[in-house]
Amino acid sequence: MSDPTEDALTEGYRRFRQEHWPEARAEYETLAKGQKPHTLIVACSDSRADPALIFDAAPGELFVVRNVANLVPPYEPDGQRHGVSAALEFGVKVLEVSRIVVMGHASCGGVGAMLHGAPDNCRDFVAPWVEQGTPVVRHVAETVAPEEVQSAAEEAVVRLSIRNLRTFPWIAEREAAGKLTLTGLHFGIADGVLRKLGDGPRFEPLG
């Protein structure tokens, strides 16, 4: 019996080779010599919120880091395995991106786990990972109307990640020097609207 997921991937690859590759070949050959993305994006792993699609970005424009609930842990150079921090270090120090975007999204299961607990069968890694956002989202849950809890909590996690980015000395230094911009965004899956972190209590639609 054939695997439908493998078939879907194979068919997608064939469309890429037949429809996209002929036009993009020269671009990819140039990219093979090196990349120079302008933006590093920390986004959720959720299959419905793909940064490349949302920003209509070409290959080579975005350096994307995806994880459960678009979390950035604080700066902890302790020799342990820090995948997000390693990507940040490479993107900022080597690729010299000029912007870091943290993009949350609606209906985020990772934020839901912060509010209600991780699934019982995800205790090895998901539970301890989302725990870093639990205090801020539970505080938010106490301060907004019940129907706003999920979206307000998603925005709070973006704010937390932005704060944690500033604990990295080489990010804070570049931001202070005007060489790096930090941006918080939230993507509405149902309406396709990007909302941006500003000075107000809630994110505002991006113009």
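Helix α4, spanning residues 109-116, is mostly covered in this predicted model, with six of its eight residues buried. Further on, you will find a mixed open sheet of six strands, helix α7 packed on that sheet, and a left-handed crossing of α3 and α8. Here is a tour by topic.

**Helix α4 and its cover**
- The buried residues of α4 are Gly110, Val111, Gly112, Ala113, Met114 and Leu115.
- Among the elements covering these buried residues are α5 (126-130), α6 (134-141) and α7 (149-165).

- If you want a specific pair to look at, glycine 104 has histidine 186 of β4 as its bridge partner.
- Helix α7 packs on the sheet and touches both β3 and β4; the directions of α7 and β4 make an angle of about 165 degrees.

**Valine 158 in helix α7**
- Valine 158 is part of α7, and it counts as buried because its relative accessibility is 0%, where the cut-off for buried is under 20%.
- Beyond its neighbours within four places in sequence, valine 158 contacts Asn70, Val102, Gly104, Gly184, Leu185 and Phe203.

**Where α3 meets α8**
- Two packed helices are described by the angle between their axes and the distance between the axes.
- For α3 (residues 83-94) and α8 (residues 169-176), the axes come within 10 Å and cross at roughly 40 degrees.
- On the α3 side, the contact is made by Ser85, Leu88, Glu89, Val92 and Lys93, and on the α8 side by Trp170, Ile171 and Arg174.
- Sorted by class, this contact holds four nonpolar, one polar and three charged residues.
- Serine 85 of α3 counts as buried because its relative accessibility is 13%.
- Leaving out neighbours within four places in sequence, serine 85 is in contact with Phe168 and Trp170.

How values were computed:
Residues are numbered from 1 along each chain as its sequence is written. This is a predicted model: local features need pLDDT of at least 70, side-chain atom pairs count only at pLDDT 80 or more; totals for chains, interfaces and linings use all residues. Side-chain values use heavy atoms; hydrogens and water are left out. Buried means under 20% relative accessible area, exposed over 50%, partly exposed in between (1.4 Å probe, protein chains only). Helices (H or I, at least four residues) and strands (E, at least two) are DSSP runs, numbered from the N terminus. Contact means heavy atoms within 4.5 Å. Axes are lines fitted to C-alpha atoms, for helices over the stretch in contact, and angles run from 0 to 180 degrees between N-to-C directions. A crossing is left-handed if the near helix is turned anticlockwise from the far one by less than a right angle, and right-handed if clockwise. Ala, Val, Leu, Ile, Met, Phe, Trp, Tyr, Cys and Pro count as nonpolar, Asp, Glu, Lys and Arg as charged, and the others, Gly among them, as polar. Two strands pair if DSSP finds at least two bridges between them.
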